[in-house]
Amino acid sequence: MPLFWRISLFNSVVLIAATALLLGPVTVSTPVLLTEAAILTVGLVVILVANVVLLRIGLGPLRQLARAMTTTDLLRPRVRPKVDGDGEIAELITTFNTMLDRLEAERALSAARTLSAQESERHRVAQELYDEVGQTLAAVLLDLKRVADQAPDEVREQLAQVQETTRASLDEIRRIARRLLPGVLEELGLSSALRSLSDEFTGPSLTVRHDIASGLPALGDNADLVLYRVAQEGLTNAARHSGARLVVLTLRRAGDAVELRVRDDGRGFDGSGDTAEGAGIRGMRERALLIGADLAVGPVRGGGTEVRLTVPVTDRIDRVADRVG
C-alpha cells in the first residue's frame, strides 16, 4: 500500500477510535481521577509511538536517498541506494538510480571527447616543437659552430657558452615534446614507456624507482595511454608539490586487474573533499572513468602519498572510449 494511504488509514483509525470513545459509555470525571488520567496517558502514548514508528519505517528509505544525494560525486562512482519501501518511495529511488546511470554515462562520454581533444592538441604542439622550434634551434647551433670556428680566440669562448645554452634549450624542448607525445609508448609499449618516464623524472633531488612486472595482459591503446598519463601526473605532483626524495612506481597484476601504484615519501595528501583536489587529480579521475578503472589517491602509513589505478582486464576497456571515435 502506498505511504500516503497508509498514513491516511492510520490517522482515520485514530480519529474513529477517539470518536467512539467520546460517544461511548466512557466518561471523564471532574476533576480527573488518577485511573482515568492513567488510561488517557497510556492511550495517547500508544497513539504517538505507533505514529512515530509508522513514519520512521515509511520514511527511512527517503533518509537514505537524501544521504546519497548529498554525497554523490560523478567522478567517484559508488554503490547505488538500495531500492526499498513501497509504491512512490521505491519508484523515486529507482528513478534516482536511473538518473545517476545516465549522468555518469554522459559524463564519461563528455570526458572521452575532452581527453581526445587534449591528446590531439598535445600531438599538434609536440609536432610543432619538433618540426619548427627544434629544427630552428638545431640550425642556430650549426651557425654558431661555423661562426665560432672563424672567430678570434677571445670571442670563441663566449660563443661556446651561447652554444651550450642553445643546446640545453634544445634538449629541454625535446623533453617537453616527449612528455606531450610519448612516442616510446607507441613504439615500445607501456612497460618501456614507464621505465623511460621514471628515468626522465630521476634527478639530483628526486629518485624514481620502478618495479614493472613482466607478462602483463594486453589492455589496449586507450588503457595504456591512461596508465601512462596517470603515472606521469603522479610523478609530476610528487616532483613539484610533495617535496619527496623517493618515488616508487609499480605496475603489476592484481587478480583480474592490472594495478599501477605511484608512491612517494613526501608531505602527504589526505584527499578529503573537493577543495583538496586540483585539476590534475580530477583529470586522473576522468581518465580512470573513461576506461572503467578505479582511482584512489591518499596518504600511506609512514608518510607520503600513493596514487593507485586499478584497471580491470576485460574486453570492454577499449569499447568505452572507441564509441566517441
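**Figure 1. Overall composition of the predicted model.** The protein contains nine helices and five strands, where helices (H or I, at least four residues) and strands (E, at least two) are DSSP runs numbered from the N terminus. This is a predicted model in which local features need pLDDT of at least 70 and side-chain atom pairs count only at pLDDT 80 or more, whereas totals for chains, interfaces and linings use all residues. Residues are numbered from 1 along each chain as its sequence is written, and side-chain values use heavy atoms, with hydrogens and water left out. Along the sequence the elements follow the pattern α-α-α-α-α-α-β-α-β-β-α-β-β-α. Of the 325 residues, 32% are buried (under 20% relative accessible area, with a 1.4 Å probe and protein chains only). Among contacts (heavy atoms within 4.5 Å) between residues at least 6 apart in sequence, 66% join residues at least 24 apart.

**Figure 2. The open sheet of five strands.** The strand order is β1-β2-β3-β5-β4, with mixed pairing; two strands pair if DSSP finds at least two bridges between them. β1 (207-212) and β4 (294-299) stand at the edges with a single partner strand each, so one side of each lacks a neighbour in the sheet. From one strand to the next, the twist averages 10°.

**Figure 3. Pairing of β2 with β3.** Strand β2 (residues 246-254) and strand β3 (residues 257-264) run antiparallel and are joined by eight bridges. Thr 250 has Arg 261 of β3 as its bridge partner.

Figure 4. Helix α7 lies across β1, β2, β3, β4 and β5 (305-312), and runs at about 10° to β3.

**Figure 5. Packing of α7 with α8.** Helix α7 (residues 221-242) and helix α8 (residues 279-290) pack at about 165°, with their axes 10 Å apart. The two helices are therefore roughly antiparallel (an angle over 145 degrees). The contact involves Val 226, Arg 229, Val 230, Glu 233, Gly 234 and Asn 237 of α7, together with Gly 280, Ile 281, Met 284, Arg 287 and Ala 288 of α8. These residues comprise five nonpolar, three polar and three charged; Ala, Val, Leu, Ile, Met, Phe, Trp, Tyr, Cys and Pro count as nonpolar, Asp, Glu, Lys and Arg as charged, and the others, Gly among them, as polar.

How values were computed. Axes fitted to C-alpha atoms, helices over the stretch in contact; angles between N-to-C directions. Parallel < 35°, antiparallel > 145°, perpendicular 65-115°, else oblique. Buried < 20%, exposed > 50% of the residue type's maximum accessible area, 1.4 Å probe, protein only.
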